[in-house]
Amino acid sequence: MENTKKRYWRGIEELKNEPDFVKNAHREFGDAPSADAKGGEIFDGTDSNRRDFLKVLGFGVSAVSLAACQAPVKNTIPYLNKPDDVEPTIANWYASTYIDGGDCSPILVKTREGRPVKIEGNGVFNTALSARVHASLLSLYDNEKLKSPQIAGKPADWKAVDGEIMAGLAKIAAAGGQIRIVSNTIVSPTTKKVIGDFISKYPTAKHITYDANSLSGLITANGGILPNYNFANAKTIVSVGADFLGTWISPAIFSSQWAKNRKLDSSKEGNKQMSRHYQFETIMSTTGANADYRATYKPSQEGLVVAALYNAVAAKVGGTTISSPAVKVENIEKAATDLVASKGASLVVSGSNDAEVQKVVVAINSLLGAYGSTITSGSSLNYRQGDDASMSSFISEVKSGQVGAVIFYNANPVYNHPKGAELGEALSKVALTISTNDRADETGILCKYNTPDSHYLESWNDAEPQSGTYSFSQPTISTIFLTRQAQSSLLKWAGQNADYAAYLAANWSSKLSGGYSAWSKALNDGVVQMTPSSSFNVPQTGLQDAIASIAKNYKSSDKLELAIYEKVGMGTGSQANNPWLQEFPEPVSKACWANYATVSLATAKKLGLAQEVELDTLEVEVSIDGKSVKLPFLVQPGQADDTVAIAIGYGRTKAGKSADGVGVNIYPFASFVNGNISFSNVGNVQVKATGEQAQIARTQTHNTVMAREAVVQETVLSEYQKNVKAGRYEPTILTAEGKKSAMDVSLWNGHKYNNHHWGMVIDLNSCTGCGSCVVSCTSENNVPVVGRQEVINRREMHWLRIDRYYSSDAQAEDLSGLEKASANPEVVFQPMLCQHCNNAPCETVCPVLATTHSTEGLNQMTYNRCIGTRYCANNCPYKVRRFNWFRYFQTDDFDFNLNNDLGRMVLNPDVTVRSRGVMEKCSFCVQRIQAGKLEAKKEKRRPKDGEIITACAQSCPTNAITFGDKNDPESAISKILAIEKEGRAFGVIEEINVSPNISYLVKVRNKDRAAVKEEAKVEHKEHS
């Protein structure tokens, strides 16, 4: 029970009870907008009809849908002659593959009347999808993509473009001029074959590959191959700067693997063992927030930390230690002890892009016997293939005038490469410049020819995410604009048949036993598993040379250093014009619609920066060697002292309305170490206040739970092994009959659920806070985007939020310590949505019965009955109901996807589009429940467990969310609750007895109890 008295806080302003925070916490809805704040039409609802769904849907572009009634689509089909495979109101599903540079995921695409409306994971391979994959659906309907090819910025037809490009290539090739194809990682083997055919036609051509989030050093250190890590086999995991649960390589798959060793079972014979995870890093990353032990270092110390870990491991296994400069970082010795204890089931990973640092990591894994166990020796990953040295050489060639033609194959290096400005200035020296990007972006605008590629949902393709595993893409809609696949363009310019679909089919028909029929089956399944063409061998490292390089390039200092990182939602900025991702709160900072400069509290005081209050902060100027940017600053607990961190992916200038001018571009501030890009800079970093005020759109402290005790509950593994109820808070109430459980005293008569009783279990031990569920819910339920200012006004509309809690590390009796922000706080992520309470406070106060209780346990909202009194939201203890102040569609003040006909094509027709003035909230995806029940009814049976699943549960990479029928004793949720009701299961704020239909499972950390207490003393001594 001692853990239940821990102090949890969501932001420093909440911990310190700043006056502005207290004022906002008690102001339930913020300030009401004035009638002229957004224009009378939006405020008074004129020109709106909430029942007119067809009008909202925007049938002004119905031709797009009608032309897409089959997949693949060849011709426009009049709807008078209905296609055989399309039934109105019935969804069709197609297997395809999400591809964005090196990021790749097999998916299933739901289409309605010929238009994609939802993306889910392909269960044949895995079901793990990131927030970016879900959001990529909206990018299909981006109205700011190029509508046709261009010559010198003016629209042209394909025939004219092809004629000029082919003539130009032939002239350059005949003169022996150099031709370059520049791309990000290409995971498609058939696309590589097309590029090979193009190079055969033009022998002076070369293919240059780079990645905005480069892993060139890791690949070099491993003999040219990206290792296939398997976190599911690891009992001890040590990560040095690798955010493998958030952004590193393939976080959705790694999260799924990681979570398998975090599952616990409170039954007598159930599993009560879990992996132990150490994280060493500069910023507070998603992975660090989920670690059992976490320590910080500065970028200049990264190589020294890896060397120190090697020495600690080598000393314990009898290996040869190395001479390396000393570094003082907590937990290195303890991590080495655990790694050696679980030898053969240990894994060390590093996010460094320095090949010499990665060579030391290879040596550590070799000592631990990781190869063949936690690192799969039979196959490799293909998500990153970029070569930083080749890209730097290409830029030098362009600057010196040695390149005659360049084709930017879906790559934007002018924006996302540290030397992008140099490349942009030099492109005028290239005679023939071509971009296949989908828009005239920062690179495309400088090219003479823009030949826009089609969206991946309009395209044929294949992918090999890991050796031997192939995934396929097929069109799920016809091309919306006059675009053409880049592969077809290369084939055309090489003088071949430009039908890439036929090229792809012929290639795979020859590879698969069974010919074309096998190819058709592969398209249907979406995935094919084959024997890997090559195995992965343990690379040989020059350890002494690596250590010498580390000693030269890494030295501890007390200077301010810059750390550059990638956000979970925004990534590298390739989808920056996607408003779903712009409004997605970053898991740790809970900020959106910009990047910002984060510093630790100690560093903020050292720099003389005033403490932030709620959303208000200061603007700072960050400068390094003549380069500078201005942006808001944010205090981030858990960040290394004397560092400032800024995210990539922002500062776009030619992406579109949702992206342009949002944040600053930090790519130019990256440095190079041993020829590879380093997302850090240890040069002359200066940070100073500009004197201007700034605001950051953050969501974390918008809702308060008013000091309730039983919101987050946690314990440590050793305590849980002794008592499966460890960490549980079980409130009691004093009655005339004595003490009783708070859940046994009620004024309600209760509900009887004779048929179904829907509920949910959320495992806090598995939830990483990745936010995939948030974007999936947005897509499924037509949740509107409100924009930066409305988020600042505390009016975001997400039906599902993920609360991030820091916890004070002081003991319960240390009252002064509890009031101080920890320098390295522990973190808990808690998905929070409508709890569908059996004793729902909202239902008792609605004057028009707009919110009612169903016979199946759902808290229902009747939108056309709601008059917007907001009594229900005021009475909700969880603050999960959203009031839509404005009409977010067809309104210029909210110029996002719902403000144009094409953007509205993303709307799910199964879910009502809400007009202004009503309450919105989670419905447990009632449309899916009804569809599943009707399908079962047609077959004269009850729904089977797993047939009905909410969007959030279906999208979760770690299976942290379980949804089902609690009246079905064979359902997964019933089995979990039968065990965990006497173990880890608890309801949030149980003491008020609203009897929620969502149960949470206690967070368990694999951390020594003694260590927790000792660290508390150390941390608070530093901050006293």
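## What buried means

A residue is buried when its relative accessible area is under 20%. Tyrosine 500 has 1% relative accessibility, so tyrosine 500 counts as buried. Tyrosine 503 is also buried, because its relative accessible area is 14%. Keep in mind that this is a predicted model.

## The tyrosine pair in helix 19

Tyrosine 500 and tyrosine 503 both belong to helix 19. Three residues separate them, about one turn of the helix. Their ring centres are 6.3 Å apart. The planes meet at 20°, so this pair is stacked.

## An edge-to-face pair

A pair of aromatic rings is described by the distance of the centres and the angle of the planes. The structure holds 23 aromatic pairs. One of them joins phenylalanine 472 and tryptophan 508. The centres lie 4.9 Å apart, with 90° between the planes. That makes the pair edge-to-face.

Some rings form a group. Ring pairs link Tyr229, Phe231, Phe244, Trp248 and Phe254 into a cluster.

Charges meet rings too. Tryptophan 508 has the charged end of lysine 511 over its ring, 4.7 Å from the centre. Over the ring of phenylalanine 481 sits the charged end of lysine 147. Here the distance to the ring centre is 5.0 Å.

## The nonpolar cores

How many residues make up the largest nonpolar core? It has 103. Five members touch the most other members: Ile107, Tyr141, Met760, Tyr878 and Phe924. Helix 6 (residues 131-140) supplies the largest share of this core, with six residues. A second core is separate and has 39 residues. Among them are Ile165, Tyr503, Leu512 and Val528.

Now look at phenylalanine 924. Set aside its neighbours within four places in sequence. Phenylalanine 924 is then in contact with Trp758, Gly759, Met760, Leu833, His836, Leu858, Ile929, Thr950, Phe963 and Ile998.

Terms used:
Residues are numbered from 1 along each chain as its sequence is written. This is a predicted model: local features need pLDDT of at least 70, side-chain atom pairs count only at pLDDT 80 or more; totals for chains, interfaces and linings use all residues. Side-chain values use heavy atoms; hydrogens and water are left out. A nonpolar core is a set of buried Ala, Val, Leu, Ile, Met, Phe, Trp, Tyr and Cys residues joined through side-chain atoms within 4.5 Å. Buried means under 20% relative accessible area, exposed over 50%, partly exposed in between (1.4 Å probe, protein chains only). Helices (H or I, at least four residues) and strands (E, at least two) are DSSP runs, numbered from the N terminus. Contact means heavy atoms within 4.5 Å. Rings of Phe, Tyr and Trp (its six-membered ring) pair if their centres lie within 6.5 Å; planes under 30 degrees apart count as stacked, over 60 as edge-to-face and the rest as tilted. A charge sits over a ring if NZ of Lys or CZ of Arg is within 6 Å of the ring centre and within 35 degrees of the ring normal.
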